[in-house]
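Dear colleague,

I am handing over the structure we spoke of, placed just below, and after it you will find my notes on what was found. Please read them with the model open beside you.

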Amino acid sequence: MIGLPLTSVAVLLVAPLVVVAVMLIHAEWFAEDDSDE
Amino acid sequence: MTVSAYGIIVFGLYLLVIIALGLIAARQQNTTEDFWVAGRRFGVGVMIMANMAAIMHGGSILSGVAFAGRFGGIAILPYISFALGVACIYFFFARKLRRSGGFTLPDYMGDRFNSNLLRGWSALVVAVSCIVYLIAQIRGMAFILERLLEIPFFWGLVLGTVLFVAYVALGGLLAVVWTNIAQFLFMWAGLIIIMPAVYEAVGGWTAVMTQVEAVAPGWTNVTGTEWSVGYLFSWYLVWLIAYATRLELITKMYAAKSPSVAARSLPWSILLVMVFLLYGNIYLGGAARLLVWDDITSPDQAFPLMIVQLLGPGLAALALTGIASAAMSTTDSLLLMSGSAVAHDLIRRCFHEPRGIKKDETYYLRVSRYTIIAVGVLAFICSIPDLGMILRIVSFAIAIVGSAFFLPLLIGLTSRKLGTVPTLASSISGVVFASIWIGGTLTGMSWAASLHPIIPGLCAAAVAMIATLPFNQTPPDASIGKFFTRALP
């Protein structure tokens with residue numbers, strides 16, 4: 001796939017994107033909106 | 001016209017823009033809060049760009065291409081570590097640090113654990129690690145200036161240091177953030193300019209991966225051409241800790257408009273960094289392996305040489321200036337941190353305030369500017385001998401910072417109970433063991449070769465923390481309350 005073995009694609013791209021997606025979803029929908037003190 | 005003639009014009013114009021920004025920013029520095037945390041005025045958009053520019057150091061591209069070319073793209077690019085490290089800052093550190101209203105990482109160590117000893121120790125670690133980090137950046141800058149202006153490497157070191165020191169000493173964090181954004185745009189321009197020429201020479205992504213696998217078997221595998229699974233694991237651990245304790249990134253959290261702005265900037269920053277490095281390291285690293293590998297003596301020379309070979313002199317000067325931008329945008333953050341570590345953390349918070357000595361703001365600004373000059377000179381002297389590839393030197397600075405601060409940050413911001421004694425024992429043991437290991441690595445000791453210094457450093461930090469837990473005393477509520485909003489159950 002795209003010139004890379006499947007395990008490389010999983011380690012390089014898929015796993016980190018899942019972590020970033022969790023952060024983005026948390027930031028947009030679940031984080032408390034704490035304006036400046 | 002030659003590359004050097006274009007180089008003088010393009011790089012000269014670039015410097016004029018950057019120095020002008022530094023001078024304009026300097027006129028707006030009235031308080032230490034302006035100088036060190038830019039008046040805490042940045043929104044999500046500015047934070048994302050400033051975070052990215054601070055993360056993407058000179059080595060990210062120059063030495064990233066060198067490492068990718070040498071060892072194989074997948075092995076060197078630990079995205080999962082970047083993502084998990086930033087997730088640590090996002091979930092555990094960012095909001096609490098910003099809410100505390102501090103300026104620096106030593107502020108956290110001093111305030112959270114109610115200890116000026118920890119504050120002073122942390123300031124020392126920050127200053128020393130900044131010098132190590134700066135050595136790498138100054139060398140990276142010199143490699144670029146060598147090609148760009150066709151000057152000897154030594155004069156590249158001199159010029160790089162003078163430029164770094166001059167505008168940070170003038171402008172403070174406001175200058176750093178403004179120039180970071182200008183540098184960020186230059187950096188992208190530099191990388192985009194070479195895209196068509198590289199595409200024409202070696203083809204698209206799949207073509208590069210297929211060709212590079214043929215000339216360097218294993219290049220596209222998870223472990224690259226020569227790494228073992230064990231070494232890869234330690235490399236991934238290094239970068240996880242590196243990103244979780246990234247000084248430039250953590251310090252930027254204090255400059256956000258609010259705690260939620262600080263946190264929200266993080267996932268977008270790291271996503272864009274990942275896109276940037278996929279092209280800037282793996283694609284270009286593969287292309288460098290195919291195009292220039294036989295013509296270089298050090299892998300760090302691959303990227304500048306590829307630019308000069310593929311582009312005409314004018315475009316080459318522009319692209320090299322873009323990469324110089326990446327080195328400059330990290331270096332200025334580091335210099336500023338070393339200035340604040342000495343002026344704000346050591347002199348003001350550890351010596352003057354406890355003794356009731358009052359000095360005005362201009363005194364501390366002056367001290368921080370002198371510190372920036374001293375650190376720049378020291379880093380310049382240390383950058384003259386060849387200490388190896390840039391990314392390797394960067395990883396030594398990371399080992400010191402990670403061993404000193406990772407456990408105090410993670411445990412100190414998730415548990416209220418952790419006090420001064422285990423934190424100090426852990427931080428000192430971590431730095432001592434990591435430094436011994438770095439010394440062993442640099443002097444070619446066989447016992448040091450198998451493990452990256454951060455692993456013994458972190459293990460020593462963990463053991464020392466556990467061993468001294470019987471002496472732990474929970475800090476007073478006034479200290480903990482800055483970081484934990486809810487009262488103790």
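Leaving aside its neighbours within four places in sequence, B:Ile400 touches two stretches of chain B in this predicted model: its contacts are B:Val125, B:Val128, B:Ser129 and B:Val132, together with B:Val431, B:Ala434 and B:Ser435. B:Ile400 is also, with B:Phe303, one of the residues that have the most contacts inside the largest nonpolar core, which has 189 residues. Helix α8 of chain B, residues 116-148, gives the most to this core, contributing 21 residues.

Turning to the interface, 29 residues of chain B are in contact with 21 residues of chain A. On the side of chain B that touches chain A, the elements giving two or more residues are α6 (79-100), α10 (205-215) and α13 (259-291), and the residues of that side divide into 19 nonpolar, six polar and four charged.

From α10(B), the residues B:Trp205, B:Val208, B:Met209, B:Gln211, B:Val212 and B:Val215 take part, and they meet B:Tyr283, B:Gly286, B:Ala287, B:Arg289 and B:Leu290 of α13(B). By class, this contact has eight nonpolar, two polar and one charged residues.

With best regards

Conventions: Residues are numbered from 1 along each chain as its sequence is written. Chains are lettered from A and ligands numbered from 1 in the order in which they are written. This is a predicted model: local features need pLDDT of at least 70, side-chain atom pairs count only at pLDDT 80 or more; totals for chains, interfaces and linings use all residues. A nonpolar core is a set of buried Ala, Val, Leu, Ile, Met, Phe, Trp, Tyr and Cys residues joined through C-beta atoms within 7 Å. A residue is buried if 20 or more other C-beta atoms lie within 10 Å of its own, exposed if 12 or fewer, and partly exposed in between; C-beta atoms are placed from the backbone. Helices (H or I, at least four residues) and strands (E, at least two) are DSSP runs, numbered from the N terminus. Two residues are in contact if their C-beta atoms, placed from the backbone, lie within 7 Å. Ala, Val, Leu, Ile, Met, Phe, Trp, Tyr, Cys and Pro count as nonpolar, Asp, Glu, Lys and Arg as charged, and the others, Gly among them, as polar.
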